[in-house]
Amino acid sequence: MGSQTHREQVRQKIIQSALQLFNRHGFTAASIDDIMAGAGMTRGGFYSYFQSKSELYAEAISCFVTEKQEIIANSDKASDRAVTLLRDYLSRQHLEDLATSCPMIGLPNDVSRSDQSVREAQEAALRMMVETFQQGMTPNGQASRQVALALASLCLGGMVLARAIEDHAFADELREATMAVALRLGHWT
């Protein structure tokens with residue numbers, strides 16, 4: 001195994017540890033020490049891979065986006081990719097699996113306002129979602145950017161609320177209602 005390959009594997013372990021901790025505890029509460037411990041390393045090695053915790057957070061969002069793009073790439077039709085993304089995003093698994101879910105759901109607003117690299121990473125993730133929905137909507141031969149923007153907001157808001165409440169049945173009802181309305185808005189039912 002080459003040193004570059006090993007370096008990339010270590011980098012990915014750090015990113016996965018960070019994604020899990022950011023999602024579970026939030027950006028501020030996830031310390032570099034905890035992130036590195038989760039990757040089986042000490043803090044001392046962090047700065048040979050990343051310049052800052054914000055850079056690592058941006059990288060974690062990029063990895064999440066890449067994973068979602070790989071999931072939806074299996075569909076040839078744009079509408080199928082949009083439906084796949086919608087169903088995956090609003091799935092019970094996404095609700096329950098905090099460790100590997102969308103990092104945008106839990107990031108505090110004060111952090112996202114204060115760091116440009118975090119805002120740019122959030123924007124890239126949001127753009128991927130909006131573009132997938134927009135390309136998947138062609139009821140009259142024209143994509144609707146306004147509806148795609150609303151769908152992305154609906155998905156993100158629906159999942160934030162579903163995670164914020166204690167009653168699992170109510171959370172499922174909220175998540176499923178969000179999905180049903182989103183599918184109708186996209187003309188995918």
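Trainee: Over the ring of which residue does the charged end of K53 sit?
Mentor: Before answering, keep in mind that this is a predicted model, in which local features need pLDDT of at least 70 and side-chain atom pairs count only at pLDDT 80 or more, while totals for chains, interfaces and linings use all residues. Residues are numbered from 1 along each chain as its sequence is written, and side-chain values use heavy atoms, with hydrogens and water left out. A charge sits over a ring if NZ of Lys or CZ of Arg is within 6 Å of the ring centre and within 35 degrees of the ring normal. The charged end of K53 is 4.7 Å from the centre of the ring it sits over, and that ring belongs to F27.

Trainee: And how far from the centre of the ring of Y49 is the charged end of R7?
Mentor: Here the charged end of R7 sits over the ring of Y49. The distance from the ring centre to that charged end is 4.4 Å.

Trainee: How many aromatic pairs does the structure hold?
Mentor: Rings of Phe, Tyr and Trp (its six-membered ring) pair if their centres lie within 6.5 Å, and planes under 30 degrees apart count as stacked, over 60 as edge-to-face and the rest as tilted. Ring pairs also link F22, F27 and Y57 into a cluster. The number of aromatic pairs in the structure is six.

Trainee: Is the pair of F46 and Y47 stacked or edge-to-face?
Mentor: The ring centres of F46 and Y47 are 4.9 Å apart, and there are 85° between the planes. With the planes at that angle, this aromatic pair is edge-to-face.

Trainee: Why is the pair of F46 and F50 given the name it has?
Mentor: A pair of aromatic rings is described by the distance of the centres and the angle of the planes. For F46 and F50, the centres are 5.7 Å apart and the planes stand at 35°, so the pair is tilted.

Trainee: Is F46 buried or exposed?
Mentor: Buried means under 20% relative accessible area, exposed means over 50%, and partly exposed lies in between (1.4 Å probe, protein chains only). F50 has a relative accessible area of 1% and is buried, whereas Y47, at 47%, is partly exposed. F46 has a relative accessibility of 0%, so it counts as buried.

Trainee: Where is C155 found?
Mentor: Helices are DSSP runs (H or I, at least four residues), numbered from the N terminus. C155 has a relative accessible area of 0% and is therefore buried. The element that holds C155 spans residues 145–164 and is helix 8.

Trainee: Which residues does T178 touch, not counting residues up to four places away in sequence?
Mentor: T178 belongs to helix 9, which covers residues 168–185, and it is buried because its relative accessible area is 7%. Contact means heavy atoms within 4.5 Å. With those sequence neighbours left out, T178 touches L90, L154, C155 and G158.

Trainee: How far apart in space are I72 and L85, C-alpha to C-alpha?
Mentor: I72 is found in helix 3, and a relative accessible area of 6% makes it buried. Leaving aside neighbours within four places in sequence, I72 is in contact with R81, T84, L85 and T132. Although I72 and L85 are 13 residues apart in sequence, their C-alpha separation is 6.3 Å.

Trainee: At roughly what angle do the axes of helix 3 and helix 7 cross?
Mentor: Axes are lines fitted to C-alpha atoms, for helices over the stretch in contact, and angles run from 0 to 180 degrees between N-to-C directions. Helix 3 (residues 53–72) and helix 7 (residues 116–136) have axes that come within 8 Å. Among the residues that meet there are I72 in helix 3 and T132 in helix 7. The axes cross at roughly 10°.

Trainee: Is helix 7 roughly parallel or oblique to helix 8?
Mentor: Angles under 35 degrees count as roughly parallel, over 145 as roughly antiparallel, 65 to 115 as roughly perpendicular and the rest as oblique. The axes of helix 7 and helix 8 come within 8 Å and cross at roughly 125°. This angle makes helix 7, in relation to helix 8, oblique.

Trainee: What is the phi of H187, which is not a glycine?
Mentor: Most residues other than glycine have a negative phi. H187 lies in the segment after helix 9 and counts as exposed, at 54% relative accessibility. Its phi is positive, at about 60°.

Conventions. Helices (H or I, at least four residues) and strands (E, at least two) are DSSP runs, numbered from the N terminus.
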